[in-house]
Amino acid sequence: MDTVAGVFNSRQDAERAIQGLRSAGIVQDRVAFLIPGTTDRAVEAAVPTTETEQPGMGTAMGGTVGGGIGVAGGASLGAAAASLLVPGVGPVIAGGIIGAALLGIGGAATGAAAGAALEKSLADGIPHDELYVYEDALRKGRSVVIAFVDDTESAEVGHNVLAQAGAETIDAAREDWWLGLRDVEEESYRAYGGDFSSDELAYRRGFEGALHPKRRGKAYEEVSSELSTSASEAGSHEAFRQGFKRGQQYLDSLKATQNS
């Protein structure tokens, strides 16, 4: 299963992309739509709550299946909608069955939403190592559209649809994210005594390795054996280790900013 994803500067362009995906034959329950910067009131209006759920819980603990999010002039995206409070990002509305479970499944949200409605095959296809790119886009007020397709031909069609709607690719968004951090990280590594010009790749791999949902909040020593395997020789490189530590500090700073 392939993942097709794009980052949009406007919600309108994202909705246009969703219409295009649907017209191209990609079914709605394989499309996620993540919307940032939603107020508590808007979340509560968009996400239905169960009889046992207290007012305000939609924002804090995730929403419930049902309701749907109106997109593209009244069309709904799939059968699910959820509100998620993502640490370092804030309230997010996730549309579609995948969207309603995506961040919760990845471990980035305080509560899982609509997890029972998510097919296991789709959950297995969620690219957890890209979640921080989605989070950064949402933090910047952008919207994210993600679709899961079964073959290369469908993936190419999906990429073309997103591009025509004005999407930035996930790879491009990842590079923009790093460029925004690079100067500060170079200064930090040079202060440590490292040569950033030669060690940047290993350092960045370590930094990004710390952002994977299953490693968040864990010390380097707790995951060093796994990192050595997943990152090959970079896992034992001192630059990789320092990058990992800085990645954990980066996550901590985002949480502190949101809570201040």
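Q: How many salt bridges does a search of the whole structure find?
A: First, a word on the model: it is predicted, so local features need pLDDT of at least 70, side-chain atom pairs count only at pLDDT 80 or more, and totals for chains, interfaces and linings use all residues. Residues are numbered from 1 along each chain as its sequence is written, and side-chain values use heavy atoms, with hydrogens and water left out. A salt bridge here is a side-chain nitrogen of Lys or Arg within 4 Å of a carboxyl oxygen of Asp or Glu. Searching the whole structure on that basis, the count comes to 17.

Q: What percentage of the 260 residues is buried?
A: Buried means under 20% relative accessible area, exposed means over 50%, and partly exposed is in between (1.4 Å probe, protein chains only). Of the 260 residues in the protein, the buried ones make up 50%.

Q: How far apart are the closest N and O atoms in the salt bridge between E15 and R11?
A: Because E15 and R11 sit 4 residues apart in helix α1 (residues 11-23), about one helical turn separates them. E15 is buried at 13% relative accessible area, while R11 is partly exposed at 32%. Their closest N and O atoms are apart by 2.8 Å.

Q: Which residue meets R174 in a salt bridge at 2.9 Å, N to O?
A: R174 counts as buried because its relative accessibility is 14%. Its partner at 2.9 Å is 3 residues away in helix α8, so about one helical turn separates the two.

Q: Which residues are linked with R182 in a network of salt bridges?
A: Side chains of opposite charge can pair when their charged atoms come close. In this network, R182 is linked with E186, R190 and E200.

Q: Which residues gather with D2 in a patch of negative charge on the surface?
A: D2 lies in strand β1 (residues 2-8) and is partly exposed because its relative accessibility is 32%. Patches are made of residues with over 30% relative accessible area and no salt bridge, with like charges joined within 9 Å and nonpolar side chains (Val, Leu, Ile, Met, Phe, Trp, Tyr) within 5 Å. Asp and Glu count as negative, Lys and Arg as positive, and His and the chain ends are not counted; a charge is placed at NZ of Lys, CZ of Arg, CG of Asp or CD of Glu. Gathered with D2 are D151, E153 and E156.

Q: What separates the C-alpha atoms of R142 and F8?
A: R142 is found in the loop between α6 and β7 (143-149), and at 16% relative accessibility R142 counts as buried. Leaving aside neighbours within four places in sequence, R142 is in contact (heavy atoms within 4.5 Å) with V7, F8, N9, P36, A137 and E168. R142 and F8 are 134 residues apart along the chain, and their C-alpha atoms are separated by 5.7 Å.

Q: Which residues is H237 in contact with, leaving aside its neighbours within four places in sequence?
A: H237 lies in the loop between α10 (220-230) and α11 (238-259) and is partly exposed, with a relative accessible area of 34%. C-alpha to C-alpha, H237 and D199 are 9.1 Å apart in space and 38 residues apart in sequence. With those neighbours left aside, H237 is in contact with D199 and A202.

Note on methods: Accessible areas come from the Shrake-Rupley method with a 1.4 Å probe; for residues, only the protein chains shown count as cover.
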